[in-house]
Amino acid sequence: MTRRAMLPGVDELFGSAKPKEGEQVLVPLDRLVPASDNPRRDLGDVAALAASISAVGLLEPLIVIQDPAGSAYLVVAGHRRLAAAKLAGLTHVPVIVRRLSDAERAEIMLIENLQRQGLHPLDEASAYRRLLDFGYSQRRLAERVGTSQATISKRLALLNLPEPARDALDSGRITLEDAQALTKLNNLPDRLERALTQSARSGGGLRQAVDAELDAHQREAARATAEEALTAAGLTIVAWPESGGFYGRREAALSQPECWSFGGPRIDIAVEAHAGEPCHAATVNPRDASTIWICTNPDRHRPKGGSDVKGEDPRVAAKREEALARREAERGRADFLRRLLAGKLPTREATELALETLVANVNHGPARLACELLELAPVVRETSWGRPEKDYRAALRDSVVDQPTRLLTVALAIALAEVEDNLRSEWHGWGGPRDERHFAFLTERGYAPSEFESRRLEEGRKSGAEDQQTEDEDLDEGQGDADE
């Protein structure tokens with residue numbers, strides 16, 4: 001051991017059986033045992049620290065406790081220093097021996113790690129949980145480690161995330177902010193999994209996916225509450241169709257302000273006048289949990305031999321005529337568009353319209369990546385719930401206002417971002433036609449694919465060929481069965 005590794009005034013006392021509390025001694029490295037419950041699972045790269053120790057010595061002693069037999073020392077604080085000292089080739093290091101309870105030892109390990117950068121949020125959360133198990137309250141723990149009780153509560157919530165979400169945070173596929181947003185769905189595991197999966201597939205923002213699931217849950221709960229109240233009152237409930245409103249259904253909405261969202265036939269009878277009828281019922285709109293009163297058998301109220309409702313409000317008849325006129329206009333417009341696309345197109349105007357539409361309708365994930373490629377800052381807007389939100393699509397749209405010549409550049413950035421967004425997803429299988437065209441486009445312009453990219457593309461080609469072979473074999477078997 002070099003003399004630089006020794007601190008002035010340190011006595012080599014490792015042979016003593018019971019060093020005093022707080023005593024500093026010099027201990028052989030082979031008698032130091034890292035704590036298995038150290039909050040920091042990954043010590044990281046200690047090469048720079050080892051080089052520093054080789055140059056100037058170990059300037060800060062480790063904190064240890066001595067086992068009852070006195071044959072070894074358990075490290076409490078200084079795991080990185082211990083690893084670096086081994087790398088630097090030291091044989092002995094200075095330590096301070098403490099007498100600590102398990103709770104005190106856990107607290108010191110946590111504080112020591114928090115004072116240094118890079119402690120993973122899940123490691124931090126596990127350490128908080130351990131101290132709470134020792135009897136600490138969140139308030140006392142916050143005071144001891146110098147943070148807020150809210151921070152501790154948010155970290156602890158990470159431990160309740162399902163394993164796929166914890167793995168995504170551990171590996172860096174999602175950020176701490178994303179993971180903390182996911183904890184809002186800890187009590188709704190199906191919605192949590194859907195938000196995580198949907199965000200990974202679409203490349204959209206995870207926090208937006210969480211907000212969407214929370215909103216859907218709140219609307220679902222409000223709808224269930226409304227239906228329970230109607231059931232308790234002895235009323236007939238017709239479930240709202242999953243595929244939208246009541247288009248093509250037999251039921252008709254009674255005359256009421258809420259019937260605008262019904263999406264089906266209406267009947268000009270007041271709710272109060274219909275309440276005693278055997279066909280009186282209600283449905284609950286899942287969008288806003290509003291109750292819409294309906295008739296389950298409107299034919300009972302129609303005169304025989306006619307389709308008009310007796311005493312129909314002229315406004316209802318006018319709306320029906322308006323719907324017929326709208327459908328006729330839609331058919332005429334579609335016929336014109338078919339003729340337009342079959343003929344010679346005005347190249348410049350058609351190109352600009354197509355590119356403007358692409359820019360206006362790009363999804364969130366590719367829009368964010370396209371802004372990154374174009375070095376555009378997102379437009380920050382205040383949402384209805386009071387939180388700022390980054391709008392990447394608005395940034396792309398604003399960048400082409402009154403600049404038609406820039407449309408092609410922005411559209412190309414979006415097209416490239418669409419593929420890149422998929423390539424960056426862990427769930428995306430490489431090697432499809434879009435991926436091949438993407439890399440061919442880049443290669444023709446001087447890009448040299450890495451060994452990793454070439455390998456993934458080749459694996460995708462082989463997988464695609466195997467899938468095609470299986471599909472062909474299935475078709476051949478099906479044709480053979482048909483021939484038989």
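This is a predicted model: local features need pLDDT of at least 70, side-chain atom pairs count only at pLDDT 80 or more; totals for chains, interfaces and linings use all residues.
Residues are numbered from 1 along each chain as its sequence is written, and side-chain values use heavy atoms, with hydrogens and water left out.

**The whole chain**

Start with a cartoon view. The chain has 18 helices and eleven strands; helices (H or I, at least four residues) and strands (E, at least two) are DSSP runs, numbered from the N terminus. Of the 484 residues, 36% are buried. Here buried means under 20% relative accessible area, exposed over 50%, and partly exposed in between, with a 1.4 Å probe and protein chains only. Switch to a surface and about 28,800 Å² is on show, 51% of it supplied by carbon and sulfur atoms. Accessible areas come from the Shrake-Rupley method with a 1.4 Å probe, and for residues only the protein chains shown count as cover.

**Strand S1**

Select residues 24-28. This is strand S1, and four of its five residues are buried. Which residue in S5 stands opposite Pro28? Look for His92.

Two strands pair if DSSP finds at least two bridges between them.

Zoom in on S6 (residues 252-255) and S9 (residues 291-295), which run antiparallel and are joined by two bridges. Ala253 has Ile294 in S9 as its bridge partner.

Within H10, pick Arg219. Arg219 is partly exposed because its relative accessible area is 31%. Leaving aside residues up to four places away in sequence, Arg219 touches Pro286 and Arg287, where contact means heavy atoms within 4.5 Å. The C-alpha atoms of Arg219 and Asn285 are separated by 9.5 Å, although the two residues are 66 apart along the chain.

**Two positive phi values**

Most residues other than glycine have a negative phi. Go to Ala289, in the loop between S8 and S9, where phi is positive, near 60°. Is Ala289 buried or exposed? Ala289 counts as buried because its relative accessibility is 18%.

Then jump to Glu375, in the loop between helix H14 (364-374) and strand S10 (379-382). Glu375 also has a positive phi, about 60°, but Glu375 is exposed, with a relative accessible area of 73%.

**A nonpolar patch**

For the last stop, select Phe336, Leu337, Leu340, Leu341 and Leu345: together these form a nonpolar surface patch with about 480 Å² of accessible area. Patches are made of residues with over 30% relative accessible area and no salt bridge, with like charges joined within 9 Å and nonpolar side chains (Val, Leu, Ile, Met, Phe, Trp, Tyr) within 5 Å. A salt bridge is a side-chain nitrogen of Lys or Arg within 4 Å of a carboxyl oxygen of Asp or Glu. Finish on Leu345, in the loop between helix H12 (314-342) and helix H13 (347-360); Leu345 counts as partly exposed, at 37% relative accessibility.
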